[in-house]
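Try each task before you read its solution.

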Amino acid sequence: KVDKPVLLIHSKNDKYVVPDNMEMIYDKLTNVSDKKKVYVTESGHVVTSDAERQRVFEFAREFIKNHS
């Protein structure tokens with residue numbers, strides 16, 4: 001029932017959640033007018049506190065800026 005813009009960010013090195021899960025979520029967002037998925041590769045499970053956190057924050061900032 002999600003109908004707002006969605007940004008999905010996932011690390012391909014996540015040892016707890018496989019990247020296929022993001023693909024399934026993305027595909028099921030059928031009511032979303034704008035959806036984007038981004039993969040990072042230098043982080044683990046918690047992308048907001050790992051090696052690529054600044055890059056993750058930049059993706060989020062740009063996405064929010066484009067929808068404000």
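Lys 37 counts as partly exposed, at 30% relative accessibility (buried is under 20% relative accessible area, exposed over 50%, partly exposed in between, with a 1.4 Å probe and protein chains only). The model is predicted: local features need pLDDT of at least 70, side-chain atom pairs count only at pLDDT 80 or more, and totals for chains, interfaces and linings use all residues. Residues are numbered from 1 along each chain as its sequence is written, and side-chain values use heavy atoms, without hydrogens and water.

**Exercise 1.** Find the salt-bridge partner of Lys 37.

Solution. 
- Step 1: recall the test, a side-chain nitrogen of Lys or Arg within 4 Å of a carboxyl oxygen of Asp or Glu.
- Step 2: the partner is Glu 23, with the closest N and O atoms 2.5 Å apart.
- Step 3: Lys 37 is in strand E2 and Glu 23 in helix H1, 14 residues apart, so the pair links distant parts of the chain (helices, H or I, have at least four residues and strands, E, at least two; both are DSSP runs numbered from the N terminus).
- Step 4: Glu 23 is partly exposed, at 24%.

**Exercise 2.** Which residues are linked with Arg 61 in a network of salt bridges?

Solution. 
- Step 1: Arg 61 meets Glu 58 at 2.9 Å, N to O.
- Step 2: both lie in helix H2 (residues 53-66), 3 residues apart, about one turn of the helix.
- Step 3: Arg 61 also meets Glu 62, at 2.9 Å.
- Step 4: the network therefore links Glu 58, Arg 61 and Glu 62.
- Step 5: Arg 61 is partly exposed, at 43%.
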